Amino acid sequence: MARRAVEQELSRERILEAARHLFITKGYRAISMRSIGQHLGYSHGSLYYHFKEKAELFYAIVVEDFNRVAELLDETMNRPPEEGVSKVEQLMLEFIRFGLDHPYQYEIMFMIRDEELLAYCRAEQGKCFDLFSGMVRRHLKEEGYVPEDWQSVPLTLFLSAHGFISYYIQDKIKFDDVKSAAQAHVRVLCRSL
């Protein structure tokens, strides 16, 4: 009975958030299920109710974060653009906003350097880029751009947004602090199309 009460209090979401923070601040290899449990004030055994091993926990974080980005991008493309902003500009700004306002998630998703962990991230990164790329291509087709641009432009825009995020994320700067710079960056890129 006591174990069930602990399991109910210790939610999957709390574990994911704590593990995400610890993986980024201390590194994947330095963290154990025991240290995650201690950080949360629970025994490591209670974590195994939700996750069989640390690798499964890490992958759950990766999938959750990429699913959230997919939802944001989809919502962005399905709402009317703001006055004077194209769909592609809106898409890029939303991606930049996510990266800067959720630095721990973004770092795990796109900036992790550990070779073992990259195996967990690469497939999800590919899905994210494919989604972004498909949305950009759809817009380019609708706007009458030439087919040659449909292949190269999405990667250029994606990498440019990633570079912007990478530059500012180091100082934990939020989107609203650099919103005008982000808007100018995106505007210049999209004008050059």
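Entry 1: I was working on a predicted model, where local features need pLDDT of at least 70, side-chain atom pairs count only at pLDDT 80 or more, and totals for chains, interfaces and linings use all residues. Residues are numbered from 1 along each chain as its sequence is written, and side-chain values use heavy atoms, with hydrogens and water left out.

Entry 2: Domain 1 puts 20 residues into the contact and domain 2 puts in 17 residues, contact meaning heavy atoms within 4.5 Å. I then took the buried area between domain 1 and domain 2, which is about 1,800 Å², with 66% from carbon and sulfur atoms. Buried area here is the accessible area (1.4 Å probe) that two parts lose on being put together, summed over both. On the domain 1 side, I found that Arg20, Ile24 and Tyr28 lose the most area to domain 2, together 42% of what that side buries.

**Entry 3: whole chain.** I counted 10 helices and 0 strands; helices (H or I, at least four residues) and strands (E, at least two) are DSSP runs, numbered from the N terminus. The C-alpha trace spans about 65 × 30 × 30 Å along its principal axes.

**Entry 4: H6 and H7.** I picked helix H6 (residues 87–101) and helix H7 (residues 103–111), which pack at about 105° with axes 5 Å apart. Axes are lines fitted to C-alpha atoms, for helices over the stretch in contact, and angles run from 0 to 180 degrees between N-to-C directions. H6 and H7 are therefore roughly perpendicular to each other, a label for angles of 65 to 115 degrees. From H6, Phe95, Phe98, Gly99, Leu100 and Asp101 meet Pro103, Gln105, Tyr106, Met109 and Phe110 of H7. By class I logged 7 nonpolar, 2 polar and 1 charged residues in this contact; Ala, Val, Leu, Ile, Met, Phe, Trp, Tyr, Cys and Pro count as nonpolar, Asp, Glu, Lys and Arg as charged, and the others, Gly among them, as polar.

**Entry 5: record annotations.** I checked UniProt, where an unreviewed entry places "domain: HTH tetR-type" at residues 9–69. In the model, residues 9–69 are 72% helix and 0% strand, with end C-alpha atoms 27 Å apart. The UniProt annotation "DNA-binding region" (unreviewed entry) covers residues 32–51. I found residues 32–51 to be 60% helix and 0% strand, with the end C-alpha atoms 12 Å apart. UniProt annotations may be inferred rather than shown by experiment.

Definitions and conventions: Angles under 35 degrees count as roughly parallel, over 145 as roughly antiparallel, 65 to 115 as roughly perpendicular and the rest as oblique.
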